[in-house]
Amino acid sequence: MAYTDPAYTDTPLLRIRGLSKSYGRHRVLTDLDLTLPPGVHALLGPNGSGKTTLVNILSTLLPYDSGEVRVLGLDPRRDRKTLQGLISLTGQYAAVDEKLSGTENMLMMGQLFGLSRRDAQRRADDLLERFELSTAAHARVATYSGGMRRKLDIAAGLIAHPQLIFLDEPTTGLDTRSRQALWDEITALADSGASVFLTTQYLEEADALAERIVVLHEGNIVADGTAAQLKGRIGGSTIQLHDDAGHILEEIPTRGSAIDVARHLDTVARTRPDVDVTVRRPTLDEVFLELTGEQAGAPDQKDADREEVAA
Amino acid sequence: MTTTTPPREVQAASPGNGAGALTGLRVFTGRSLKHSFRDTESLLMAILLPVMLMLIFVFIFGESIAAGQGGDRSDYLAYVLPAVALTAAGFGASYTAVVVSNDMTTGFMNRLRTMPFPAVTVLLGHTAASMVRNLLATGVVLAIAFGLGFRTEVGIAEFAGAVGLIALWILVITVVFAVLGMVAGSAEAASGYGFVLLFLPYVSSGFAPVETMPGWLQGFAGHQPMTPIIDASRVLLSGGNPGDEWWIGLLWCGGFIAVAVWLAAVLFPRKIAR
Ligand SMILES: Nc1ncnc2c1ncn2[C@@H]1O[C@H](COP(=O)(O)OP(=O)(O)O)[C@@H](O)[C@H]1O
Ligand SMILES: [Mg+2]
C-alpha cells in the first residue's frame, strides 16, 4: 500500500519560480518556471541540458542560486529534513552496494529511513518479490545484470513509501526488455498513488509514462505539456514510403493519432497499393530542432540572458 | 501564497522520518565490517602482512641490528614489536581511503544525502570497521610475538596503556586516510597519496634507534609523531616509565584527529559525485 496523504492533494507537486543555478561561472539552469500537479512527469532533454542538476536541486542534494522552489510545498533548503522523509532519489549512477546482497541493500536503506528491522525486512521481501528479484535476493549485487541492478536501485528507493520518487534516467543503458519491465513498474507505482518525476533522453519513454512532459534544452524549458500537446506542436508520426531497395520515396507528415494515420494510409493504399510503408515517430533530434529552432526564431528575454552569460 | 509546511500530522505519520546518528553508525559499521570480511584477499593480506613483517625483522635484520646495540634477537623482538604493529596497521588503514573514495565517487553517497539522517555517519562506519580490522591485526602481531618468545611482566594498566597508544595511532592514520579518500578523485589516487604515510614508521625510532641514523635524518626521525608513541608503548611494555613521551604522543594524536575531523566537516558537504 502506498503512503499518500490527502493534505497534499491541493499542494502542487512542484512549484518553481525563477530558478537559476550555475557551477562557478557556467550557468546551467536559467530562470526556470514550472508548476506540476501530483502524478507522473518526465523531464526530457539531451545530455548536458541540466536534467541531473534540476533533479539534484529538487531532491535536496544541491543548493540553488536564486528563485523559489517548493517540492510537496516544502523548501528543499529550509525544510530539508522534512522533505527528505517524503522523497527518494534514484540517481543516474547506481547507488547500490555491490558487496552486499539485494536483501542487505534493502534492509540497510530501510533502517536508514527509520524503519524497524522487522518492518524493513517485510517491506524488502515485498519489493524484491514485486521487482522479480526474489530468487537473487541473497546473491551479491556484483553478480547482478544491469537491469537487475537498476531494479534493485529503484526498489531500494521505495522502501519507506516515498510520496515523490525522482528517477534520473532510469532506463539509460538498458536493453529493450528490461526497459519495458521498468516502464511497467513505474506505471504500477503511479497507480499506487505515488508521484514520479523522471528524466529521460527518449521521447518514446516520456510519451509512454508521463502525464506532463517538460522539455529542457541548455537549461531552459522549451516546452511543457501533455504528450498530445507536445505532438501537436512538433507534429506526429511520419508515414514513409519506400521502394524495394529501401530508399525513401516520400514522407507524409501526420498528426500521430490513429484516425489521422489511417486516413493517410488509406489514400496511399488506394493510389500505390504495393509500396512499402513504415510509420516513424519523430526522433528526439527532430523534436529539439523543431522546438529550439522555434525559440531561436523568436528570441525572448531568457535567450538574451543566456547569451550574455555565454559571452 | 501556498503553505510552505505541511500540517503536523503529515510529518508524524510519514514513515520516512529517518534514522538517528546512532542507527546510522550501527548500520554503516555493520556494512563496512561485511565489506572487510567478504574481501578475502584484503583480509588475508591484513593477517599475512604482520606475520611477514615480524619474521623479516626478527630473523633477517634482528641479529645484526641487535648486535650493534649489544643485545640479542629476543631483545630486538621486544624493541620492534610496537613498530611492526603500527606498520601493519598503516597498510590496513590505507584500505579506508579506497572504500571512502568508492563511496564518494559513486551514486551511493548522493542517495544518502537525500535521506533524512546524517550521511556523515558513513565515514564513522568506515572508521569503526578500520579500528576493528587493525586491532585484530595488532592481536595477530602480539600472538606471533608471544609465539616467538616475547614475554612481559607488566600489569594490566601498563599493557592497556601500550595497546591504547597503538590503537590511538591506528585511529589517526584511519582518519587521515578517510580524508584522503574524500579528496582523491578515484580509489587508485586515494591509495597512491597514502603511500608516503606507509614509510613513516621506518623513519622513526621503531626499527632502529634514532642515534644510529645519519645526522640529516635524526632531526625528522626524532621529532615525528610516531617516535614518541612507539617509544612510550615500548617502555610501557618493558615496565619502565615513559616520561614525557607518552603525553607528547597523545598531543600529536589529538592534533591530527582534530585537523582531520575539521577537514572532513568542511569537505564532506561539498563533495557531490557527478
Ligand atoms: N558539479 C559540476 N560542476 C561543473 N559543471 C557541472 C557539474 N555538474 C554538471 N555540470 C555541467 O552542467 C551541465 C548540465 O549537466 P547535467 O545537469 O548533468 O545535465 P544532464 O543530466 O541533462 O546530462 C553540463 O554542461 C555539465 O557539464
Ligand atoms: Mg544527467
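A polar contact here is a pair of N or O atoms within 3.5 Å; within protein, one must be able to donate a hydrogen and the other to accept it, and residues adjacent in sequence count only if both atoms are side-chain atoms. The model is predicted, so local features need pLDDT of at least 70 and side-chain atom pairs pLDDT 80 or more, while totals for chains, interfaces and linings use all residues. Residues are numbered from 1 along each chain as its sequence is written, chains are lettered from A and ligands numbered from 1 in the order written, and side-chain values use heavy atoms, without hydrogens and water.

Select ligand 1 and Gly48(A): a polar backbone atom of Gly48(A) is 2.7 Å from an oxygen atom of the ligand. At Tyr23(A), a polar side-chain atom is 3.5 Å from a nitrogen atom of ligand 1. The protein buries 72% of the 560 Å² that ligand 1 exposes when taken alone (Shrake-Rupley areas, 1.4 Å probe).

Next, show the 12 residues around ligand 1, those with a heavy atom within 4 Å of it. The site is shared between chains, because residues from A and B surround the ligand. Helix 1 of chain A gives the largest share of the shell, 3 residues; helices are DSSP runs of H or I, at least four residues, numbered from the N terminus.

Finally, go to helix 6 of chain B, residues 121-147.

Technical notes
Helix = DSSP H or I, 4+ residues; strand = E, 2+ residues; numbered from the N terminus. Expected span 1.5 Å × (residues − 1).
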